[in-house]
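I opened the model to look up how its parts touch. My entries follow.

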Amino acid sequence: MRIFLVKRVFTLILTLLVATLVVFVVLEILPGDPAAVMLGVNAEAETLNALREEMGLNRPVWVRYTHWVASLLTGNLGISYTYDVPVSELILSRITVSFPLAILAMTLSTLIAIPLGIIAASNHNKPMDFLVMSFSQIGIAIPNFWFAMLLTIVFSVTFRLLPAGGFAGWDAGIIPVLKSFLLPTIALALPQAAILSRVTRSALLEVLKEDFIRTARAKGVTNQGTLWKHALRNALIPVVTIMGLQFSFLLAGTIIIENVFYLPGIGRLIFQAISQRDLIVVKNLVILLAGAVIMINFVVDLLYAVIDPRLRGGSDA
Amino acid sequence: MSKIKTFVTLIVLTLVMAMNASSVMAAKNSLNLGMVLEPTHLDPTAGAAASIDEVVYANIFEGLTRIDKNGAVKPALAKSWTVSEDQKTYTFNLQKGVLFHDGASFEADDVVFSLNRARGENSVNAQKVLFKPIQSVESKDSHTVVVTLNQPTGGFLFNMGWGDAIIVDEASAGKNKSHPIGTGPFKFSKWVKGDRVVMVRNDAYWGTPAKLKMATIKIIPDPAAAVSAMMAGDIDGFANFPAPESLSQFKSDPRFKVVIGSTEGETILSTNNQRGPFKKLKVRQAVAHALDRKAIIDGAMFGYGTPIGTHFAPHHPAYVDLISTHPYDLAKAKQLLTEAGYPDGFKGVIKLPPPSYARRGGEIVASQLRKIGIDLEIIPVEWAQWLDQVFKKRDYDLTIVSHTEPMDIGIYARNDYYFAYDSPKFQALMQKLAATVDTDARYEILGDAQRLISAECVNGFMFQLAKHGVWNKNIRGLWENSPVQANDLTEVYWVD
């Protein structure tokens, strides 16, 4: 287990380093001068040059790269070109929106999906299974942005129960924050739950066909007993894999939902930073997200070992 | 048990009442104004983005002069001024008793600092050209500033009313991007990045205090989300609503008022005057005759917009109506193209930046020009790419852009500008304009300038961008037009 961990951490560092190189090179190739974007069409050449100098864009490429990697190690990520605040502060303020939202959506999605998956699997080919699978089919088919708009029209415009969007801010208190998160959480969670319930169902059905289930049944364990005691744990591996992927998606890929609810999250920050050529924000965010995905995969790997003792291996496990 | 129940009920009731009370109170003296683009930072002296001025100008920051809602020059931090006989020396008498929001007092040194910083060598001012005529800025006493110009500059007082010419304090200037400190009727309160900028009334304001106690600018980039936010009552209004297609929905809703005004945005089919067939006047004339402005306004802007025949705002008193000089006439366009040596037309490229006026308008323009045989390849570009390829490298044939700076006909005198229009005649006109101070004489020259670029068909002149205001019918005092890039909230208030 220890060797496994050391190996994993080493790979992790190497992956991150390669990622920094790729991100840096890609952003170098990206056309567009951040100074020109900031100063617009009436700026003169000397003004542009003054700004480029101020932003450190006139230094050689390799100096900028090493400087950046060093800054990643110290955590001092520099100052955003456009917002003129430390990048770390900017990213942090966005994470306090995106991360809780991802957690809430993931929790809701799991709370819906796992029970539904179990119900469907244990009622295989019965009306209940059909019902759950129809829900899941609809959930997969509905685009989440459309669902989000539907939620806004019903709960914000018609009934005026919840704000149509925006983020109240943590200093406004927990209730306004939860109010601003409620609709986005539902909009994000339901399509994910639809997928997850399907995965749970098919994983369970797969396991229920296994020999050891038949053995358990032959030994007199009830249907419910085999399901809960023997099948579920074995079916969790694909479920956890999908959940890992979904969580990565929820952290970074919620840009459309963030737009519909105009939430100041990571997705919108990255989109905005790219279009404004705020390269220092883009590269740090991309690395952060790459790091997050790698970390989530790492955690998922560890969870495999927790679920399935056979995967622990090693002498000192 | 019942005690706990009562306690919980009490708490819930208090919360509900507190929430309702705050929303009722809020409706009276605070305003939530929506905006599409978030300002990149809040210092108008260090960026071109209109969104910066639209938040802070006239609200947080002020200049020596200010531009009012009709585009007229009014005194601001300069109480009054005198101009010397030779029109080269301006003596500004400054307001007394003015405090910056951090408590520092406003004096002549601040004016000297601000203007010298804007024109200085390390200046990152996006409109540095406005300060070019200044030779020196000196303080005569604590509340008198003398500005000496190289040459008489007719538009000088107007230029000093731009957001780029605001007066800042040396001590706080470096922090203005994230925490702006000005002298205006509103104080910066907080900026939740990506969500809102909050301003509160400056109770120590030197002039007429603002009527609103608090103003919040909410950032909503998505037009569909903007509609929901308005319908749900989260937002009280948009000074300029992002989606003209939704305006009819607001028009039919008695809660809202739709106010169509004018902006300074001349939307033009910018033409590279040094490239390919477009070098020839006859080709550019053919393009002008092939443009059906009404179809473009109807198709791209849902009917909102005023046709223009030159690069000048139709609401300005010096505007000359030149639409009829190049009427929509396909036969004539074809004939001109044949005379230019392109009887079968030619191929070209049109690069379109992201705004819908450009993307939608571009498709229509391309189909209109195809009728006379000009086959355009449509290339959508991002702003950053547009600035790089089109604006800087002039790698384009045609593009569509709205030039939103007020009174910007002077760009046609810049031969290094992306139109690549080099006309000594026009440059001479602009020099003459700069040296003329008398209003009538200036309008005369501006008229000649408009006629010249129209006759030479420098660009395809399409329409003046409309300002689609939508706000709660009980709001008063929001600007109908935008003669400068600003949302001046000083006179906004609610009625019952």
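I count two residues as in contact if their C-beta atoms, placed from the backbone, lie within 7 Å. This is a predicted model: local features need pLDDT of at least 70, side-chain atom pairs count only at pLDDT 80 or more, and totals for chains, interfaces and linings use all residues. Residues are numbered from 1 along each chain as its sequence is written, with chains lettered from A and ligands numbered from 1 in the order in which they are written.

Entry: chain A with chain B. I find 45 residues of chain A and 41 residues of chain B in the contact. On the chain B side, β10 (214-219), α6 (223-231) and α12 (383-392) each supply at least two residues. Helices (H or I, at least four residues) and strands (E, at least two) are DSSP runs, numbered from the N terminus. α12(B) gives the largest share of that side, 7 residues.

Entry: domains of chain A. The bounds come from an automatic or database domain assignment. I read domain 1 as 2-74 and domain 2 as 94-312. Their centres, taken over C-alpha atoms, are 33 Å apart. In the contact, 14 residues of domain 1 of chain A meet 12 residues of domain 2 of chain A. On the domain 1 side, α1 (2-29), α2 (34-39) and α4 (61-74) of chain A give two or more residues each.

Entry: a helix pair. I looked up which residues of α8(B) meet α10(B). Among them are V283(B), A286(B) and H289(B).
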